[in-house]
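Here is a friendly tour of one protein model, going from the overall fold down to single residues. Please keep the viewer open as you read.

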Amino acid sequence: MQSNPLRIGTRGSALALAQANETRDRLMAAHDLAEDAFEIVVIKTSGDRIQDRPLSEVGGKGLFTKEIEEALLDGRIDLAVHSSKDMPTVLPDGLALTAFLPREDVRDAFLSPKAKTLTDLPQGAVVGSSSLRRQAMIKRLRPDIEVVMYRGNLQTRLRKLAEGEVDATLLAAAGLRRLGLEAEITSLLETDQFLPAVGQGAICIESRADDKATLEMLAAIHDAATQIRLDAERAFLAVLDGSCRTPIGGLATLEGDTMHFRGIVLKPDGSAAHEASGSGPAAEAARIGRSVGEDLKTRMGPDFLAGT
């Protein structure tokens with residue numbers, strides 16, 4: 001066990017800090033350590049600084065990880081806690097996703113003071129979302145709805161909703177639950193109709209691949225079932241070169257030793273979509289994800305997203 005505090009890197013939002021604190025608390029319990037055996041290091045990322053434009057215009061998912069990964073590589077922190085859905089499929093050399101916490105609810109939550117569900121919103125309602133996936137899936141279900149760009153941390157989005165800036169918004173149910181804000185949820189969007197983002201609801205931990213001491217500590221809190229599901233989802237995303245620029249949803253589920261996977265790619269305006277699914281042994285999770293990704297890539301063809 002190392003004598004210096006284990007330094008946990010994180011973004012500074014309330015949700016990011018809640019996830020870092022959960023990781024610390026699990027490590028404390030697993031290793032019978034006091035709180036002062038850990039230090040939470042807040043790192044501001046490019047994604048946190050840029051609030052006036054969609055991430056798809058300025059670099060995509062890596063904007064939420066770049067500065068944190070730089071701190072890992074130069075030794076300023078020992079591990080980083082991320083929302084799995086923020087993670088690019090290719091990591092810097094020397095870094096790896098080395099642990100996953102048990103996955104929370106994967107569903108998207110519908111929040112509105114004006115309707116109980118997305119389908120109940122009045123004609124021409126305004127829904128705020130910064131996610132291209134959510135925007136496309138909203139438009140697919142309700143072409144009449146106006147979807148507007150809606151950046152900011154979770155509390156900012158809740159405030160904008162309360163002030164009437166939009167009629168409704170969609171947020172990850174997991175994030176609301178981790179912050180004790182489950183009461184804000186008006187209804188939940190079931191995954192058979194509204195596939196979540198790859199990795200939604202899962203906290204992942206990134207560390208240096210050769211840091212044996214940290215790896216040994218993380219092994220005690222690692223959830224293997226979550227990793228199996230994320231192996232499939234991230235392999236699927238990698239095939240499609242997924243980023244914030246493409247509306248993609250994907251979800252892996254486990255039934256005993258069997259993996260089921262569903263994926264979707266949409267045009268940004270929701271006017272067309274391709275879906276595919278696959279099943280097989282959980283031990284072949286990554287292969288199943290890749291296979292579904294290749295199937296979708298073939299169905300889409302080279303021109304599906306052209307001009308979008």
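Residues 24 or more positions apart account for 68% of the protein's contacts with a separation of 6 or more, a contact being heavy atoms within 4.5 Å. The model is a predicted one, in which local features need pLDDT of at least 70, side-chain atom pairs count only at pLDDT 80 or more, and totals for chains, interfaces and linings use all residues. Numbering starts from 1 along each chain as its sequence is written, and side-chain values use heavy atoms, with hydrogens and water left out.

The protein has 9 helices and 13 strands; these are DSSP runs numbered from the N terminus, helices being H or I with at least four residues and strands E with at least two. Its radius of gyration is 19 Å, close to the 19 Å from the globule rule for 308 residues, so the protein is as compact as a globular protein of that length. That radius is taken over C-alpha atoms, and the rule is 2.2 Å times the number of residues to the power 0.38. Along the principal axes, the C-alpha trace spans about 60 × 45 × 35 Å.

Of the 308 residues, 51% are buried; buried means under 20% relative accessible area, exposed over 50%, and partly exposed in between, with a 1.4 Å probe and protein chains only.

Helix H7 (residues 212-219) shows both sides of this. Thr214, Met217 and Leu218 are buried, and seen down the axis they fall within an arc of 95 degrees, so they line one face of the helix. The arc is that of the directions from the helix axis to the C-beta atoms. On the other side of H7, Lys212, Glu216 and Ala219 are exposed. The cover over the buried residues includes strand S2 (38-42) and helix H1 (14-31).

| Residue | Relative accessible area |
|---|---|
| Phe38 | 8% |
| Arg103 | 14% |

Phe38 sits in strand S2. Leaving aside neighbours within four places in sequence, Phe38 contacts residues including Leu6, Leu27 and Met217.

Arg103 belongs to the loop between S4 and strand S5 (108-111). With neighbours within four places in sequence again left out, its contacts include Gly199, Thr226, Leu230 and Glu233. Arg103 and Leu230 are 127 residues apart in sequence, and their C-alpha atoms are 9.8 Å apart in space.
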